[in-house]
Amino acid sequence: MTRTLPAPTTTPRAPRPVGTVLVTGAASGLGRAVATSIAAAGGTPLLLDRVPVEPDPLLADAPSVVTDLADGRGSEAAIGRLLSDAGGLDGVVTAAGTDRCGPMAEVPAAEWERVIGVNLLGTAAVIRAALPALTASRGRIVTVASTLGVRALPDASAYCASKFGVVGMTRALAAELAGTVGVTLLVPGGMDTAFFDGRPAQYQPGPDAQLNDPAEVADAVVYALTRPDGSEVREMVVCASTEPSWP
């Protein structure tokens, strides 16, 4: 017996245009993948990193600024200049991040605190600088946490502290900005990027590690940025199907 499904009661709405999106950490890894995906989707990425962003065909004309997110006030000023030149903003993706592995007692205080300064306080500085423009456009924020923002591991106290902080801050912002600015928390698993380069061997993925392609995560970010008005992706986990740190 064939069952007849009821007709849909609503007409699917078209996604929002990507628009102009500020991407931090745009020189490499997830940030570069997000910036490229935004450009490919017809948007305009604004690029921020602590080093110059090497151009490619999709990013050749993208406005960019060099700033160290550990300097929150300096970063806010740099973002203000970038947004003034851009003339508006529709989204922010805070993909910049750093790490310093090791037992807490053995990691120099300045290096431990830099992880918090970039990953958590830097994320807050970017959002603070962008909020007036995002409020005007009823735009979207995508913060980038980590599976280590919901699960702790040894020798990762600085990174876990920063990413747990991003999770809490983003959830609070989602409540604070509800109906005004869309907020999405992205929890990515391990990705095949240069993030692990230069670490001692015990803190690098093993030869059989299954790491996700950052382009796949970037596609999910673009999806979150383009949900129709009144609909949001509040939280999403994007990882390889064999990701060992989730759940």
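Visitor: Why does R73 count as exposed?

Guide: The relative accessibility of R73 is 54%, and exposed means over 50%, buried under 20% and partly exposed in between, with a 1.4 Å probe and protein chains only, so R73 counts as exposed. This is a predicted model, in which local features need pLDDT of at least 70 and side-chain atom pairs count only at pLDDT 80 or more, while totals for chains, interfaces and linings use all residues. Residues are numbered from 1 along each chain as its sequence is written, and side-chain values use heavy atoms, with hydrogens and water left out.

Visitor: What makes the pair R73 and E76 a salt bridge?

Guide: A salt bridge needs a side-chain nitrogen of Lys or Arg within 4 Å of a carboxyl oxygen of Asp or Glu, and the closest N and O atoms of R73 and E76 are 2.7 Å apart, so the pair is called a salt bridge. R73 and E76 are three residues apart in helix 2 (residues 72-86), and therefore about one helical turn separates them; helices (H or I, at least four residues) and strands (E, at least two) are DSSP runs, numbered from the N terminus.

Visitor: Which parts does the salt bridge between R128 and E76 tie together?

Guide: R128 and E76 have their closest N and O atoms 2.9 Å apart. Because R128 lies in helix 3 (residues 109-137) and E76 in helix 2, this pair ties together parts that are 52 residues apart in sequence.

Visitor: Which residues touch the most other members of the largest nonpolar core?

Guide: A nonpolar core is a set of buried Ala, Val, Leu, Ile, Met, Phe, Trp, Tyr and Cys residues joined through side-chain atoms within 4.5 Å. Of the 38 residues in the largest one, L22, I79, L89, V92, L134, I141 and L177 touch the most other members, and helix 3 gives the most to this core, with 12 residues.

Visitor: Leaving aside neighbours within four places in sequence, which residues is L89 in contact with?

Guide: With contact meaning heavy atoms within 4.5 Å, the partners of L89 include L22, L46, A130 and L134.
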